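Thanks for coming. Please bring up the sequence and the model.

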Amino acid sequence: MRRDFDVMVEFLKARLREDEHAAKALKPSKNEDVARLRDRTLADVEAKRGLMDWVFAPQREMAEWEHSFAGGLVIKQWMRLRQPVIEQLVAAYADHPDFHSEWKLIGVEPIEDASRTRVSR
C-alpha cells in the first residue's frame, strides 16, 4: 500500500507542476476572465501543495522518533488518517493517462434501509 501511495504522491506533484506551468504560460490579455482563471489556478496549486504539506507534517515533525516502536506507530496512524486528503486531490486527475484505475475513490450510497449502506465504484 505504501509504495502505491508514494506513486500517487509523485503523480499529484507532477500534475501540480503541469497546472502551474500551464497557468503561467497564459498570455496576459484584455480578457479579465483569463487573468482570473490564471490567478485562481495558481492559488489552487498552492492550496493543494499546502494540503500536501499538512499531510506529511507529522512525518517531518517526528523524524527522530520514526524509528522507535511508538513513533513509528504514531506516524503510521497519522498517515492513515491523512491519506484520504491525497486520494481526494488525485481523484481530480482521473482523466489523465497516467492515472491508475485503482486510485478511483469508492463512494458510499445510502440504500432504502437507513441502517445499511451500499458501496459503489
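Is Arg-82 buried or exposed? Buried: its relative accessible area is 17%, and the cut-off for that class is under 20%. Keep in mind throughout that this is a predicted model.

Let me stay with this arginine for a moment. Arg-82 sits in helix H3, which covers residues 69-91. Leaving aside residues up to four places away in sequence, Arg-82 touches Trp-54, Val-55, Ala-57 and Pro-58. With Trp-54 there is also a polar approach: a polar atom of the Arg-82 side chain lies 2.4 Å from the backbone oxygen of Trp-54.

Now the overall layout. The chain has three helices and two strands. Reading from the N terminus, the order is α-α-α-β-β. Of the 121 residues in the chain, 28% are buried. The accessible surface is about 8800 Å², and carbon and sulfur atoms account for 56% of that. As for contacts between residues at least 6 apart in sequence, 57% of them join residues at least 24 apart.

Lys-13 belongs to helix H1, residues 2-25. Lys-13 itself is partly exposed, at 36% relative accessible area.

Next, the salt bridges. Side chains of opposite charge can pair when their charged atoms come close. How many salt bridges does the count give? It comes to nine. I will take some of them in turn, starting with helix H2.

Helix H2 runs over residues 32-61, and both Glu-32 and Arg-36 lie in it. These two are four residues apart, about one turn of the helix. Their side chains meet in a salt bridge, 3.8 Å from N to O. Glu-32 is exposed, with a relative accessible area of 56%. Arg-36, at 45%, counts as partly exposed.

Then there is Arg-38 with Asp-39, whose side chains form a salt bridge at 3.7 Å, N to O. On the accessibility scale, Arg-38 is partly exposed at 27%, and Asp-39 is partly exposed as well, at 45%.

Further along helix H2 we come to Asp-44 and Lys-48, four residues apart, again about one turn of the helix. The closest N and O atoms of this salt bridge are 3.1 Å apart. Which class does Lys-48 fall into, buried or exposed? Lys-48 is buried, because its relative accessible area of 12% is under the 20% cut-off.

Glu-20, Lys-24, Glu-46 and Arg-49 are linked by salt bridges.

To go back over the main points: Arg-82 of helix H3 is buried and has its side chain 2.4 Å from the backbone oxygen of Trp-54. In helix H2, Glu-32 pairs with Arg-36 and Asp-44 with Lys-48. Four residues, among them Glu-20 and Arg-49, make up a salt-bridge network. That is where I will stop.

Methods: Residues are numbered from 1 along each chain as its sequence is written. This is a predicted model: local features need pLDDT of at least 70, side-chain atom pairs count only at pLDDT 80 or more; totals for chains, interfaces and linings use all residues. Side-chain values use heavy atoms; hydrogens and water are left out. Buried means under 20% relative accessible area, exposed over 50%, partly exposed in between (1.4 Å probe, protein chains only). Contact means heavy atoms within 4.5 Å. Accessible areas come from the Shrake-Rupley method with a 1.4 Å probe; for residues, only the protein chains shown count as cover. A polar contact is a pair of N or O atoms within 3.5 Å; within protein, one must be able to donate a hydrogen and the other to accept it, and residues adjacent in sequence count only if both atoms are side-chain atoms.
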